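Hi,

Here is the structure I promised to pass on to you. My notes on side-chain contacts follow just below it.

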Amino acid sequence: MRVTEKEISNRTCFAVRGSVLPTAIAATTVITIAMLGLIALWEQSRMAELGYRRLRQAHADAESAYMLYCLHPDDERLTAAEGFLLYDSIPRSRVYLSVRPWGLYELVGISTSDSAVRQCRITGIAPVAERTLYYADNRTALNIAGDTRLRGTLYLPRNGLVYGRMGTEFFDGEPVPTTSVRLSAAEMPHPEPKSAEILRRLLARADRTTNGVPDSAEIPLSADSTLFLAVGSAEIADCSLSGRIVITGDEVRIDSTCRMRNVIVCARKATIGSGTHIEAQILARDTAIMEPRAALRYPSGIYAGRYAELGDSVTLDGYAIVRDTTGERRATASYRQSPTARLRGLLYVDGTAEVRGHVTGFACLRAAAYFSPQGYYKDMLYDVDLRENPVTAHPVWIADSVARRKEVVCTN
C-alpha cells in the first residue's frame, strides 16, 4: 500500500500533539502540588500567627485580671466561680482567679477560659511608700545611739526622739529630719484576722504519725492537695523539697545540706543551721533561731510565738514576726538581731526587740532595748541602719482594708 506525502505529514503532526499531552499533565500536576504546598504553608503560618496572637492576648488578659486583684483584693467578683469577664463583647476574655493562703503569703491561681494560660503566683502586700518605722507610744521617748541611721517616714511616740548615748559612746549617726516624723499610737497595728487564724491552725496541727522526710519531693504550688510530713524532733538533712509541702514537728533543725523552695516548716522550736540557704517559711510556736551565715532567700520568713534570733552574717529576705503574748514583763528581748545580720522586708515585734545591723523595709516595734554586760538600755536603738524598701512585698499580716497586693514570684 502506497502512502502519500500528505498522509505522512498528517501523521507527523498527530504524533507531535500526542507527545505534548503527558508533559502538560505532568507540569500541571507539579504546579498544582506546588500551589497546594504553598497554600498549606500559608495556612500553617496563618494558624501559627493566630495561635501566637491568642497566646499573647491570653497572657494580657491574665495580667489584667491579676492587676485588678492587686488593686481590689476585696472585690469578690474577681474570684467568683463563674469567672470574671474582662470585656463584655469578647467571650474569650473570661478569666478565672482563685486565692488560697500559703503561710503568710497568698497563692493566686489564674487561668483563661480556653486554658491557654495557667499561672500560679505567690502574692504579698505592697509596702507603704517610705514608711520605715512604727514605734508604739508607751509614754517615753525613743533613744538612738551609736551609728544609727533612720530614713523614710517614722511613726514615733509623742515624746519624740532623743539623741542619747550608750555608756561613753554618743550618737554618731544621721540626724532625723523633723519633716519625716509622724505620731504613733499606743497600740500596735493589728494582725490580719484571717492570717492569724491560718497561722493558728498550722501551728496547732499535730501529726502523730512520723513519716520522716524523703530524699526528694516536688509538689506544684498549683496542686489541690498539700503534702504533710511529720518528723517529731529531728534534724532534716540531705533532701530536696519544693512546692506545696508542710513539715511539722516539735524541735526541728534544718541542715545546710537541705534544698528547700517555697516550703513551710511548723514546729515548737525551729533552728536554721549555720550556712543553710533555703526558701521557706519557718513558723515556730515558741522559738526560731537562725545560726551564723544562714540565709532565707526571698520569699521566706520566720514567725515565733515567744523568741526569735538572727545570728552573725544572717540574711533574711521576707519577714520576721514575733508575737510575745505571754503577758510577762521581763527584762529580756523577744527578738535579737546581730550587728552583721540583714533583714529585707517586714520586722514585726510585739514585745521587746534588740535590733542591730541592717533592716531594709518596715520595722514595727512594741519596744526596743539594748542589752550590754553592764545592764540594758530601755527604749533604745543602737547601731541600726533602717531604710525604705519599695521592692520586697510584705506578708499578709498587718490588717489594712485598703492594702494593695503585690506579686512576690510567678511559679510557672
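Let me start with Arg 253, which is partly exposed at a relative accessible area of 27% (buried is under 20%, exposed over 50% and partly exposed in between, with a 1.4 Å probe and protein chains only). Please keep in mind that this is a predicted model: local features need pLDDT of at least 70 and side-chain atom pairs count only at pLDDT 80 or more, while totals for chains, interfaces and linings use all residues. Residues are numbered from 1 along each chain as its sequence is written, and side-chain values use heavy atoms, leaving out hydrogens and water.

The partner of Arg 253 is Glu 235: the two form a salt bridge with their closest N and O atoms 3.1 Å apart (a side-chain nitrogen of Lys or Arg within 4 Å of a carboxyl oxygen of Asp or Glu). This pair links distant parts of the chain, with Glu 235 in strand β14 (residues 227–236) and Arg 253 in strand β16 (residues 245–254), 18 residues apart. Helices (H or I, at least four residues) and strands (E, at least two) are DSSP runs numbered from the N terminus. Glu 235 is partly exposed too, at 47%.

The count of salt bridges comes to 22. Another one joins Glu 197 to Arg 201, again with the closest N and O atoms 3.1 Å apart. Both residues sit in helix α2 (residues 193–204), and because they are four residues apart, about one helical turn separates them. Glu 197 is partly exposed at 28%, whereas Arg 201 is exposed at 58%.

Within it, Arg 149 and Asp 147 meet at 3.0 Å, N to O. Arg 149 has 25% relative accessibility and Asp 147 has 35%.

Now to the rings. The whole structure holds eight aromatic pairs (Phe, Tyr and the six-membered ring of Trp, centres within 6.5 Å; planes under 30 degrees apart are stacked, over 60 edge-to-face, the rest tilted). Tyr 163 and Phe 171 have ring centres 4.8 Å apart and planes at 50°, so they are tilted. Phe 371 and Tyr 376, with centres 5.5 Å apart and planes at 25°, are stacked. Tyr 163 is partly exposed at 40%, and Tyr 376 is partly exposed at 43%. Tyr 303, Tyr 348 and Trp 397 make up one aromatic cluster.
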